[in-house]
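Let's learn to read a protein model together. Have a look at the sequence and the structure, then follow the questions.

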Amino acid sequence: VMFGLFKKKFKSIIYKGKKYSIKELQDMNSKYEEEWYQNNPLHEALGKYYIKSLDLTDDQLKNLEDYKLNKKATAWKSRQRKLRREGKLEQEKIDKLNELGMVWNPRDDEWEANFQSFKYNGLIDPLEEWIKEQRKLFKNNKLNSENLIRLKSIKFPFKPKENETLRLTKSQVTEMLECISSGIKEYEGDGSFWKRNDNSPEIKKEIENQQKWASKRKDTRVKELESLTDEDFINEIDKILGRKYTAKDKNAPGFILSRYDFYSNIYFDLFPYVNGNFYSKKMDSVKFHCSDKVKIYAAEMALNILCENMLPTGKMNDAKSFPPIAKLITFYSKNKMINDLERIAKMIYKYPVLKLIYGERIQKLLVSK
């Protein structure tokens, strides 16, 4: 464990003057995980049993339709933001969107980011100062009209309720547990495990060494990737594809590995070559852009794995996207490779989940070509 030489065991941690026990934090963490499992539309795919049909259930159909609608809505909102930046969006439309709680600058503006966070999370601890500021501005009649309209749209509580509490986030709970296990008795609550109250030279030196080590590890991995040719990458892909099925799971001795799980591992092991997101030996993410030749080869192999060994089981009916397929559609369309696009279309139309996600898009591309 990091900082192991300086670790002292504690059973609780102090945050903003309040003491949290390990038991309290573990209970909070368990509750968050339970909520995630219950609310996650993919939870069926995480259990022991799967749907054994290619046909989509009503719930799966609704989840996919909602997902597609949200993607379209996100693209539409991006267009409205762009029009506003360019001064091309009418004030009437701006006002109407404000009444609906529009977030205009979700990435660049701190107020917007906090507004969006409150919109989805409500009264959470990281937003304490922002919440106080909005209440103070409102009380002094200094809140600008546009922000006031948007805050009202999300039912922002301008006056604190009696016994109001701000909920810790899951990341805070996780970090507080890590701090306890690492011998830290007080949590700073800024979302950073690296910032510590103990400013001893030994701790500072240990942190510095950890950061240098992580940076060097990533640099080494990038150099390794840069030294590989397209043929080297394709050979690596072929080694992944050449694995022979065995019921024994080498990563979990004593457990039986189903054929679906075996081919699922191969499918996801091809993703780094499709997307260019590799890892160092310690699982740090390293971005490296392979050539199109490598990406398309990996995507085609992943599609074959999907169609031959995964989709026929019906276990992928809950999936919302298939990155290798999206990559192939984009590449073949961009390069006007109609025969390949038609070949991919035939595979897509064979499976209801693929047809629902990509059917409309690929049909439009084929018609336009």
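This is a predicted model: local features need pLDDT of at least 70, side-chain atom pairs count only at pLDDT 80 or more; totals for chains, interfaces and linings use all residues.

Q: How many residues does helix 4 have, and what should they span?
A: Helices here are DSSP runs (H or I, at least four residues), numbered from the N terminus. The expected span is 1.5 Å times one less than the number of residues. Helix 4 covers residues 110–121, so its 12 residues should span 16 Å, and the end C-alpha atoms agree, being 16 Å apart. After the helix comes Gly122, with a positive phi near 75 degrees.

Q: Which residues of helix 4 are buried?
A: Here's the idea: an α-helix has 3.6 residues a turn, so residues three or four places apart point the same way. Buried means under 20% relative accessible area, exposed over 50%, and partly exposed in between (1.4 Å probe, protein chains only). In helix 4, Trp111, Glu112, Asn114, Phe115 and Phe118 are buried. Looking down the axis, these buried residues fall within an arc of 165 degrees, so they line one face of the helix; the arc is that of the directions from the helix axis to the C-beta atoms. The face turned away from the buried side carries exposed Glu110 and Tyr120.

Q: What do the buried residues of helix 4 pack against?
A: They pack against helix 5 (128–139) and helix 6 (145–153), where contact means heavy atoms within 4.5 Å.

Q: How many salt bridges are there?
A: Side chains of opposite charge can pair when their charged atoms come close. The rule asks for a side-chain nitrogen of Lys or Arg within 4 Å of a carboxyl oxygen of Asp or Glu, and the count comes to 16 salt bridges. One of them joins Arg84 and Glu146 at 2.7 Å, N to O. That pair links distant parts of the chain: Arg84 sits in helix 2 (residues 58–85) and Glu146 in helix 6, 62 residues apart. Arg84 is partly exposed at 27% relative accessibility, and Glu146 is partly exposed at 21%. There's also a network of salt bridges linking Lys16, Asp125, Glu128 and Lys132.

Q: And how many aromatic pairs does the whole structure hold?
A: Rings of Phe, Tyr and Trp (its six-membered ring) pair if their centres lie within 6.5 Å; planes under 30 degrees apart count as stacked, over 60 as edge-to-face and the rest as tilted. The search finds 18 aromatic pairs. Among them is Trp130 with Phe156, edge-to-face at 5.9 Å centre to centre, with 80 degrees between the planes. Trp130 lies in helix 5 and Phe156 in the loop between helix 6 and helix 7 (170–181), so the pair ties together parts 26 residues apart in sequence. Both Trp130 and Phe156 are buried. Ring pairs also link Trp111, Phe115, Phe118, Trp130, Phe138, Phe156 and Phe158 into a cluster.

Q: Last one: how many disulfides are there?
A: A disulfide is a covalent bond between the sulfur atoms of two cysteines. With the cut-off set at cysteine sulfur atoms within 2.5 Å, the count is 0 disulfides. As for individual cysteines, Cys179 is buried at 5% relative accessible area, and Cys290 is buried at 6%.

Terms used: Residues are numbered from 1 along each chain as its sequence is written. Side-chain values use heavy atoms; hydrogens and water are left out. Helices (H or I, at least four residues) and strands (E, at least two) are DSSP runs, numbered from the N terminus.
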